[in-house]
Amino acid sequence: MEKVKFSDQIIKDAQKIVEECMGKEDAFCQSACPMSTDAKGYVNLIAEKKYDEAIKLIREKLFLPNTLGRVCAHPCEKDCRREVDFNEPIAIAALKRFAAEKADDESIWDLTTGNDTGKKVAVVGAGPAGAQAAIDLRRNGHAVTIYDKLDVLGGMMRVGIPAYRLPRDIIDYEYSYLTKLGVEFKLGVEIGKDIKFSELRDQYDVVLLAHGAHKGNIIPIPGHKAEGVFPATEYLKEISLTGNFEKAGKKIMVIGGGDVAMDCARSSFRIGAEEVYQCSLEDNDNLPASHEEIHESLEEGVIFNAGWGPIEIIEQDGKVTGIKIQKVKSIFDDEGRFNPAYEAEEKIIDIDTVVMATGQVVEDITDGVLKQIRGGRYEVDKDTLETEIEDVFAAGDAAGSVIVIEAMALGRKAAISIDRYLKGINLRENRCFKEEWSYETKLDVPLPEDIEDEPRLHTNMRPADERKRDFNQADLGFSEEDAVKEASRCLECECKMCMKECIMMNDFCQCPKEIMEKLINGEDIEPLLAYSCNSCDNCTIVCPHELPMKKIFIGSRKDFVKANKGESPMKGHKAIKLHQLFGFSRLFTTKRKGGDK
Amino acid sequence: MSIVIDKSKRYGFMAGCSLPSYNPEITTKTTAYLNSVFPKFSAVQKCCGKPTKAVGQYDLFKERFKGLQDDMDEVGIEEMIVACQSCKLTFNEVSTTPTHSLWEVLPLIGLPEEVKNKGKDSEIVFTIHDSCSTRNDKKLQDGIRWILDELGYKYVESKLSRDKTRCCGFGGMVVPTNPEVAKKVMKRRVETLDSENIVVYCAACRSSILQGGAKSWHILDLVWGPVVNKNDNSPADVLASPLKSWINRYKAKKGINKTVK
């Protein structure tokens, strides 16, 4: 047979399939993850009790599965189909922790590194961004030293997230991976103080700034300078390092509605507070904190005033004695600007301590060399994380991330740029930026038939009255039985509707896009594929985009015949040829005209 | 569009290929019945060329169909009736003669009195396998249900019926090309039907259903054949033997010649 020349219509239809087929689209959980973790993949391995494979899959992207299993703000769960349709997302994060506890083992850690490049990188900050960047750079053969002003590892995970949510031995264990890879640590060294930023630049080929946003924000309401007002960062840091906060009283008001506010409120009980309050501009339905954190805070007895804004801190003799809060009417004005408006209703709560969990800013360590923008973040190129100085990059909260997994993604992004910079490769060429962050998947499929709303299973929490008195882990995690059951609720979001319908396509591809990509790239499709189509159209009927697979398979036969001297290329069709000759022969045909009756 | 029967016109009938190859008797009886209903009636037997087209030989197909069109024109057919769904689609596409499915026509002209309610005492419960080529032709599918109702047989609708029907496995000339796939499709089709007693209106579908492991009757078996009871076996897979099929095709031709004079 000659080279087949497919007609324009076939190529046009194939093009449409390549553009619209969703067979290769990632599941919602995966595309929502800034690190593109294959959540669907490991959740289903857990459902099959293949824990070893699950942890390996997680570790392809994440070096701290147990940590993230406890503290990740899990954007994957927000996009989970069971959340979108039923408000009962798969407990993806908790399942990750389960897999880590069940099967993580140093023997499976990938310790391969590239050949030594002779290049040296200084990473400032031992938080998730710096650690992720260090890992990726080490794997590419560069020498990496991480500096941190703290004496401990983990950055904000260590001094921002309380120990009852993240036991410290887990951080140390998971960070031991970096040491095994050959990353060097210089802890207790503050850049800008112990070593000047310029000296660091002199000593290393590249400097990565990933030192987080550790400076708390105090809203300047009347009374904010009174004794007893603290930023959340200072509060959580001292509690993390010492298990106490010397200056705290017994009646604490936490201002803020996010996870940090919940951490402050819940930690307050653990250091001996008797009454803990919360207030925030956002009302109950719009609190930024995760459902779990809100639920657990309520269980522990935090008194919520969501939708009440702080107006004035009342002081006596320079010390906090109360706070006046007022009911919020709206947070943003008609033009969408932050401009809270209040109802007349107000109340005063007697307290002796105020903790402001109202944002954190990045402190400059470059002696003013780099420009800082909102929140103190360094001004960077969003795609590459390069700064105005070519050998200085930024990542993590210092470059705009808000949650741990985002910080890691920025760490990875910075590492890609730094590696290119060190190798003299253009930072932007042939690079898929989309894959370096969360993105919107094109997946758009109907909910499978017979799917019911099955409730999410919850992990085993210690009783609120017991757990609120210490810093031991509050959540004991999933039992194996519950983990498997919870993982089994996964809807395994994918398209592949045609593949479930058509038997024969499964012998040739994972999805039609695969075949059609070949076709438009000038490769032939197998004749057997085109001639195995039953022409039933069920593929198109079930396809959410009604893509024309049959039209291509059946239509291309004409082109195959043309390339094969007017005959079908299939041997089996010799029988058809004979049948057709008979079917038209005089022996078997007739034409009769009946008379008028 | 609804069909209007106009008996001043000359109607023509073609059973197709698989039906006469399967059963010349029911082919002849159908021809004879139509001949008795229409004052002006002609009949042809030939292939419409669909298989030629299906393998990709478009030029040859055009040539072959022209031969059939010439035959129809020669015997003066003004409106055509076909008993094969592939013929129906092929005619709609290329024939100059308006063409109707037998399954749409029968409800309009009615069934012979003697076959009405013949199945009313039978306990068999059928289900229908709709032909996938005419999955969107609701009128045609309604005609099959109408015939079963007229005959008095009980049937259940399968979930995957009408526009949701699946291929029997025979379509696209796959059997001679990829018999393993065809066999799998046949088995799966049978598994997705809600009774093991399956009524079809395509003789090739009937053969596939039998190969898929269920019992199957052509709707014309039920019209012209004996009353079918609960544990009866369905007729054998005649189409599996090429020799028997061609002998039958020849017999059908003879039957038509005898009937239409």
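Chain A is assigned four domains: domain 1 (8-23 + 495-583), domain 2 (28-108 + 445-487), domain 3 (120-214 + 362-434) and domain 4 (216-359). The structure described here is a predicted model, and the predictor gives the complex an ipTM of 0.93 and a pTM of 0.86. Chain B has a mean pLDDT of 96, with 100% of its residues at 70 or more. Between the chains, 39 residues of chain A are in contact with 46 residues of chain B.

**Chain A: overall architecture**

- The secondary structure of chain A consists of 24 helices and 16 strands.
- The C-alpha trace of chain A spans about 120 × 70 × 50 Å along its principal axes.
- Of the 597 residues in chain A, 48% are buried.
- When contacts in chain A between residues at least 6 apart in sequence are considered, 71% of them join residues at least 24 apart.

**Chain A: domain 2 against domain 4**

- The centres of domain 2 and domain 4 of chain A, taken over C-alpha atoms, are separated by 30 Å.
- Eight residues from domain 2 of chain A and eight residues from domain 4 of chain A take part in the contact.
- On the side of domain 2 of chain A that touches domain 4 of chain A, there are five nonpolar residues, no polar residues and three charged residues.

- Strand E10 (residues 308-316) and strand E11 (residues 319-332) of chain A pair in the antiparallel sense over eight bridges.
- Within this pairing, A:Ile313 stands opposite A:Ile323 in E11(A).
- E10(A) and E11(A) form a hairpin with two residues between them, and A:Asp317 in the turn has a positive phi of about 55°.

- A:Pro527 is found in helix H21 (residues 527-530) of chain A.
- A:Pro527 counts as buried because 20 other C-beta atoms lie within 10 Å, and the criterion for a buried residue is 20 or more.
- Leaving aside residues up to four places away in sequence, A:Pro527 touches A:Phe560, A:Pro569 and A:Met570.
- A:Tyr378 is 149 residues from A:Pro527 along the chain, and the C-alpha atoms of these two residues are separated by 58 Å.

**Interface between chain A and chain B**

- On the side of chain A that touches chain B, the elements giving two or more residues are helix H23 (549-563), helix H24 (574-584) and strand E16 (590-593) of chain A.
- H24(A) provides the largest share of this side, seven residues.
- The residues of the side of chain A that touches chain B divide into 16 nonpolar, 15 polar and eight charged.
- Strand pairing also joins the two chains: E16(A) and strand E2 (residues 41-45) of chain B pair in the antiparallel sense over four bridges.
- In this pairing, A:Lys591 stands opposite B:Val44 in E2(B).

**Chain B: two domains**

- Chain B is divided into domain 1 (11-109 + 243-259) and domain 2 (113-238).
- The C-alpha centres of domain 1 and domain 2 of chain B lie 21 Å apart.
- In the contact between them, 23 residues of domain 1 of chain B meet 22 residues of domain 2 of chain B.
- The elements that give two or more residues to the domain 1 side of this contact are helix H1 (18-22), helix H2 (24-37), helix H3 (50-54), helix H5 (85-94), helix H6 (102-109) and helix H11 (242-259) of chain B.
- The residues on this side of domain 1 of chain B divide into 11 nonpolar, eight polar and four charged.

**Chain B: the four-stranded parallel sheet**

- Four strands of chain B form an open sheet in the order E6-E5-E7-E8, with parallel pairing.
- Strand E6 (154-156) and strand E8 (215-218) of chain B stand at the edges, each with a single partner strand, so one side of each has no neighbour in the sheet.
- Neighbouring strands of this sheet are turned by 40° against each other on average, direction ignored.
- Strand E5 (residues 125-128) of chain B pairs with E6(B) in the parallel sense over three bridges, and B:Lys154 in E6(B) is the bridge partner of B:Val125.
- Helix H9 (residues 203-211) of chain B packs on the sheet, where it touches strand E7 (197-200) and E8 of chain B.
- The direction of helix H9 of chain B makes about 170° with that of E8(B).

Note on methods: Residues numbered from 1 in each chain as written. Chains lettered and ligands numbered in written order. Predicted model: local features only at pLDDT ≥ 70, side-chain atom pairs only at ≥ 80, totals over all residues. Buried ≥ 20, exposed ≤ 12 C-beta atoms within 10 Å, placed from the backbone. Contact = placed C-beta atoms within 7 Å. Pairing = 2+ DSSP bridges. Axes fitted to C-alpha atoms, helices over the stretch in contact; angles between N-to-C directions. Domains from an automatic or database assignment. Nonpolar A, V, L, I, M, F, W, Y, C, P; charged D, E, K, R; others polar. pLDDT = per-residue confidence, 0-100.
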